[in-house]
Amino acid sequence: MKYVIGIDLGTSAVKAILIDQSGNMVMETSAAYPLIQEKTGYSEQDPEDWIKQTKKVLKRVTRQFTGNVEDIEGVSFSGQMHGLVMLDENNQVLRNAILWNDTRTKSQCDHITKLLGDKIIEITKNKVLEGFTLPKILWVKENEPQIYEKLRVFLLPKDYVRYRMTGKIHTDYSDAAGTSLLHIEEKKWSKEICDLFHIDESICPPLVESHSFVGTILPEFADKVGLSQNTKVFAGGADNACGAVGAGILSTNYQLSSIGTSGVILAYEESIDEKADGKVHFFNHAKSDAFYSMGVTLSAGLSLSWFKNNFFKDTSFPKMIDGIKDIPIGSDGLLFAPFLVGERTPYSDAFIRGSFIGVSALHTKTHFVRAVMEGITFSLNESIHLLREKGKEIGTIVSIGGGAKNDLWLQMQADIFHTRVVSLKSEQGPGLGAALIAAYGCKWFATLEEGAEKCIQIKSEFHPIEENVQKYKQLFNIYQTVYDHTKKISHQLLEFRDSE
Ligand SMILES: Nc1ncnc2c1ncn2[C@@H]1O[C@H](COP(=O)(O)OP(=O)(O)O)[C@@H](O)[C@H]1O
Ligand SMILES: O=C(CO)[C@@H](O)[C@H](O)COP(=O)(O)O
């Protein structure tokens, strides 16, 4: 029996899964690392933490593995998108990685948008947002010129881990798509954008397909983690693209809802969107020459973890959530907007902040838990709303990520999204997607679709309950007015805080 490993470099943790050639999930393990938030709006990680924890999960896999490690034929990656890792001429890391949820780059985004105008959407099919990579590069150029001077190549997070494993430098199209530097249709780094911002194109890593074989494991790395040096390494993809592969979003029949640190609603696209307007993201898929549209809630799982860490520290997620059964839909008039770190879809506003509205003397801590979960799901529903407006038919939604572990939340998704929602045997969509990419690279399957068919198993399904749907529709209409009503107050509060 042969095996492959999928490594998902998430924001909160790295997860590794081992699958066998029959499509069974043999092992699943994870190791966490911290976020470094030196100032408000900043979000960084030390790439060395990724390496340490990736080695730890791989060691765990090989220690528990009862077969011959030579039979672990391939490895591939899924990674948090957009993060900037800067390497010098000796491929040494120059500074902490600046992550997708870091919002320090407002002025760089304004500058890019001013200089490029409509061209940014024409070339990259997306607006430029604070989280994307190009504005981060420009921020370092302006604010840390001594570091920028030494920059020889930048990588996305999972590409750096793969580099340390293989000694080879690449990125794949699905991750490159989130940099604001890729010509999405031509699948080339945009010379026009590089030239306009005086960026040497040589800092952009060589581009490959997600299933491309990029090398084998360096002897020292292999020894350390117990893998064979012959294990083949395949490029992998952006976590949302891999999540889509791991959830079988390889045709227009299914859409994806992912509640990780961020939240995502994603729809498969067969061809380039000639009419992309930047309201939702449009990126290259990890499946060759396919694409996807996606809306992002910046603080989805993060909102619930934030709430738990502050108010339910010693309670588990299942126990904390269980109480919401006894709270009615709408949390007795309490509404939450999950803008803890700004919001992407549909507002693209790094400075909006979250709010609880309607707090009254009858509300308990558990009302707040329900309100947080409802607010996150309403935010995701804004992306569904935009996709429906674009003419997308929302059929069955496959729910993945930490949020898919809870049946009450899955039912809430079905009721708010007003569609059938299914959960999978493993909610680790991106890790499974990475494993499927490795398996496809190893030629276990003729297509990714065939692999998905064999490996993805539905666990349970949830149908909208009409009475709930109607109540949530009313509430969603109210939710949609929160941004406009709180924008000015939010911005004033940030000004006040920053003037202190
Ligand atoms: N048992 C659970 N039920 C519901 N939500 C959960 C549960 N466990 C974790 N979560 C949510 O899932 C999020 C983590 O999801 P995950 O997919 O692991 O994130 P990432 O890939 O960003 O590291 C947490 O922030 C938390 O809000
Ligand atoms: O910025 C985006 C997508 O554009 C995020 O979805 C990141 O890719 C991080 O993902 P998680 O760690 O939340 O899975």
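**Reading the model**

Reply: Of the shell around ligand 1, the largest share, four residues, comes from α11. Helices (H or I, at least four residues) and strands (E, at least two) are DSSP runs, numbered from the N terminus. This is a predicted model, in which local features need pLDDT of at least 70 and side-chain atom pairs count only at pLDDT 80 or more, while totals for chains, interfaces and linings use all residues. Residues are numbered from 1 along each chain as its sequence is written, and chains are lettered from A and ligands numbered from 1 in the order in which they are written.

Me: How many residues surround ligand 1, and which are the closest?

Reply: A residue is near a molecule if its C-beta atom, placed from the backbone, lies within 6 Å of it. Ligand 1 is surrounded by 20 residues, the closest being Gly-10, Gly-260, Thr-261, Gly-301 and Gly-402. Two or more residues of this shell are given by α11 (301-311) and by α12 (317-322).

Me: Which classes of residue make up the shell around ligand 1?

Reply: Ala, Val, Leu, Ile, Met, Phe, Trp, Tyr, Cys and Pro count as nonpolar, Asp, Glu, Lys and Arg as charged, and the others, Gly among them, as polar. On that basis, the shell around ligand 1 has eight nonpolar, eleven polar and one charged residues.

Me: Which residues come nearest to ligand 2?

Reply: Thr-11, Met-81, Trp-100, Gly-260 and Thr-261 come nearest, out of 15 residues around ligand 2. By class, this shell has four nonpolar, ten polar and one charged residues.

Me: How is a pair of packed helices to be read?

Reply: Two packed helices are described by the angle between their axes and the distance between the axes. Axes are lines fitted to C-alpha atoms, for helices over the stretch in contact, and angles run from 0 to 180 degrees between N-to-C directions. Here the axes of α13 (residues 365-389) and α14 (residues 407-417) come within 10 Å and cross at roughly 40 degrees. That makes α13 oblique to α14; angles under 35 degrees count as roughly parallel, over 145 as roughly antiparallel, 65 to 115 as roughly perpendicular and the rest as oblique.

Me: Which residues of α13 and α14 meet?

Reply: Two residues are in contact if their C-beta atoms, placed from the backbone, lie within 7 Å. From α13, Met-373, Glu-374, Thr-377, Phe-378, Asn-381 and Ile-384 meet Trp-409, Met-412, Gln-413, Ile-416 and Phe-417 of α14. The residues of this contact divide into seven nonpolar, three polar and one charged.

Me: At what angle do α15 and α16 cross?

Reply: The axes of α15 (residues 429-441) and α16 (residues 448-455) cross at roughly 125 degrees and come within 10 Å. The two helices are therefore oblique to each other. Their contact is made by Leu-432, Leu-436, Ala-439 and Tyr-440 of α15 with Leu-448, Gly-451, Ala-452 and Cys-455 of α16. By class, it has seven nonpolar, one polar and no charged residues.

Me: Where is the cis peptide bond?

Reply: The bond from Thr-345 to Pro-346 is cis, with omega near 0 degrees. Pro-346 has its place in the loop between β20 (335-337) and β21 (355-357).

Me: How many helices and strands does the protein have?

Reply: The protein has 17 helices and 24 strands.
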